[in-house]
Structures are given as C-alpha cells and as structure tokens.
Amino acid sequence: MSKTAIKLNVNGKTEELLVEPRELLIYVLREKLNLTGPHVGCETSHCGACTVEIDGKSVKSCTMFAVQADGTEITTIEGLSTPDNLHVLQRMFREHHGLQCGYCTPGMITRAHRLLQENPNPTEEDVRFGIAGNLCRCTGYQNIVKSILAAAAEINAAQEAAE
Ligand code: FES
Ligand code: FES
C-alpha cells in the first residue's frame with residue numbers, strides 16, 4: 001500500500017513519518033514513536049484511554065487517521081512531565097488514590113490537563129462533565145474527581161502566591 005509523508009510535532013519534537021492511509025494515530029504514536037502512555041482500550045471512541053491533546057483540544061487518538069494529524073502539535077502524557085518532576089495532576093492522582101489498575105490514567109490525566117486549561121476553577125460537576133468521555137472500570141470516579149479538584153486548587157494557590 002502506498003505511504004504518505006506526514007510531519008507531526010509531538011511533545012515539542014518534530015517527527016517526520018511515512019504512514020499508510022489506514023493507520024490510526026494511536027498506533028503511530030505507540031508503535032512508531034514508542035509513546036506507550038496513550039492506551040488502546042475500545043478502539044471505538046468510547047473509553048478515552050487513547051486521549052491526547054492535538055492543537056489544544058482533547059482528542060481520542062483511535063478516532064483519527066495519522067494522515068489527518070499531519071501538521072499538528074500533539075501532546076501525550078509523556079509530554080506533561082518527567083519522571084523526576086511529575087505534573088501536579090500526576091502527583092494528586094497518586095496522593096488521592098485516583099487510580100487502581102492505571103489503564104485509564106494516562107488518558108484521564110491528559111483529558112484533565114486540557115480541562116484545567118479551559119476551566120482553571122472547575123466545580124465537582126464541571127469535572128464530572130469534563131471527564132465524561134473517559135471511562136474507568138476501577139475507581140468509581142470519586143477519587144479521580146478528588147484528584148483533579150486537588151490539582152486545580154494547588155495550581156491556583158501557586159498562581160496566587162506568585163502574584
Ligand atoms: S481506545 Fe480510543 S476511545 Fe477507547
Ligand atoms: S484505574 Fe483501572 S481503568 Fe481506571
């Protein structure tokens with residue numbers, strides 16, 4: 001099958017790739033770029049395990065062909081932090097037991113990251129609505145919501161202290 005050249009900016013790095021028209025973005029991220037944080041759950045746009053940010057929007061990367069992402073800026077969970085310096089959302093998920101098996105967690109945190117960019121002061125209802133496209137089969141959501149609200153509070157407190 002013929003391949004198409006695409007250029008992506010992924011986590012701040014330019015990537016030039018040859019992809020087949022049928023290749024989904026999630027597989028290109030995981031198998032060609034070795035970014036295994038975004039997970040494959042359902043492949044049918046339901047679970048959100050594959051969530052990444054594309055040009056400032058949360059996108060389920062199993063719903064998009066890689067060729068459609070040509071020229072975009074993509075952030076995966078790997079782009080949010082380093083192992084030595086976790087993102088506040090990652091710290092709060094750990095502190096408030098926002099995960100059990102962890103399968104949904106990269107997508108959940110990537111979604112929460114965008115949610116807090118769009119709404120830095122969310123109510124509990126805003127958070128629940130904002131993560132409605134990300135499913136977790138383990139936690140019952142209580143601690144996920146708590147973790148996101150705690151992260152929002154810490155980000156806002158740091159910003160107030162800096163002003
Ligand atoms: S794997 Fe993409 S939404 Fe489930
Ligand atoms: S922590 Fe297991 S699916 Fe969410």
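Predicted model: local features only at pLDDT ≥ 70, side-chain atom pairs only at ≥ 80, totals over all residues.
An open sheet of five strands is the place to start, and then come two separate nonpolar cores, one of 21 residues and another of 17.

**The sheet**

- Reading across the sheet, the strand order is β2-β1-β5-β3-β4, and the pairing is mixed.
- On average, neighbouring strands are turned by 40° against each other, if you ignore direction.
- Strands β3 (residues 51-54) and β5 (residues 73-75) run antiparallel and are joined by two bridges. Within this pair, Glu53 stands opposite Thr75 of β5.

**The β1-β2 hairpin**

- β1 and β2 also run antiparallel, with seven bridges joining them.
- The two strands make a hairpin with two residues between them. Asn11, in that turn, has a positive phi of about 50°.
- Val10 stands opposite Lys13 in β2.

**A buried glutamate**

- Look for Glu15 in strand β2.
- Glu15 counts as buried because its relative accessible area is 17%, and the cut-off is under 20%.
- Setting aside neighbours within four places in sequence, Glu15 is in contact with Ile6, Lys7, Leu8, Val10 and Leu33.

**The nonpolar cores**

- As background, nonpolar side chains in soluble globular proteins tend to be buried together.
- In the largest core, of 21 residues, the ones with the most contacts inside it are Leu89, Phe93, Met108, Ile131, Ile144 and Ile148.
- α2 (88-95), α3 and α5 (142-162) are the elements that give two or more residues to this core. The largest share comes from α5, with six residues.
- Ile131 is a handy one to click on: beyond its neighbours within four places in sequence, it is in contact with Met108, Arg111, Leu115, Tyr141, Ile144, Val145 and Ile148.
- Apart from this core lies another, of 17 residues, and its members include Ile6, Val10, Leu25 and Met64.

- Domain 1 puts 17 residues into the contact, and domain 2 puts in 14 residues.
- About 1200 Å² is buried between domain 1 and domain 2, with carbon and sulfur atoms giving 50% of that area.
- On the domain 1 side, His39, Glu53 and Ile77 lose the most area to domain 2, together 39% of what that side buries.

**Positive phi in two loops**

- Asn34 is in the loop between α1 and β3, and its phi is near 60°, a positive value in a residue other than glycine. Asn34 counts as exposed because its relative accessibility is 60%, and the cut-off is over 50%.
- Asp55 is in the loop between β3 and β4. Phi of Asp55 is near 45°, again a positive value in a residue other than glycine. With a relative accessible area of 49%, Asp55 is partly exposed.

Note on methods:
Residues numbered from 1 in each chain as written. Chains lettered and ligands numbered in written order. Heavy atoms only, no water. Pairing = 2+ DSSP bridges. Helix = DSSP H or I, 4+ residues; strand = E, 2+ residues; numbered from the N terminus. Axes fitted to C-alpha atoms, helices over the stretch in contact; angles between N-to-C directions. Core = buried A, V, L, I, M, F, W, Y, C linked by side-chain atoms within 4.5 Å. Buried < 20%, exposed > 50% of the residue type's maximum accessible area, 1.4 Å probe, protein only. Contact = heavy atoms within 4.5 Å. Buried area = accessible area lost by both parts, 1.4 Å probe.
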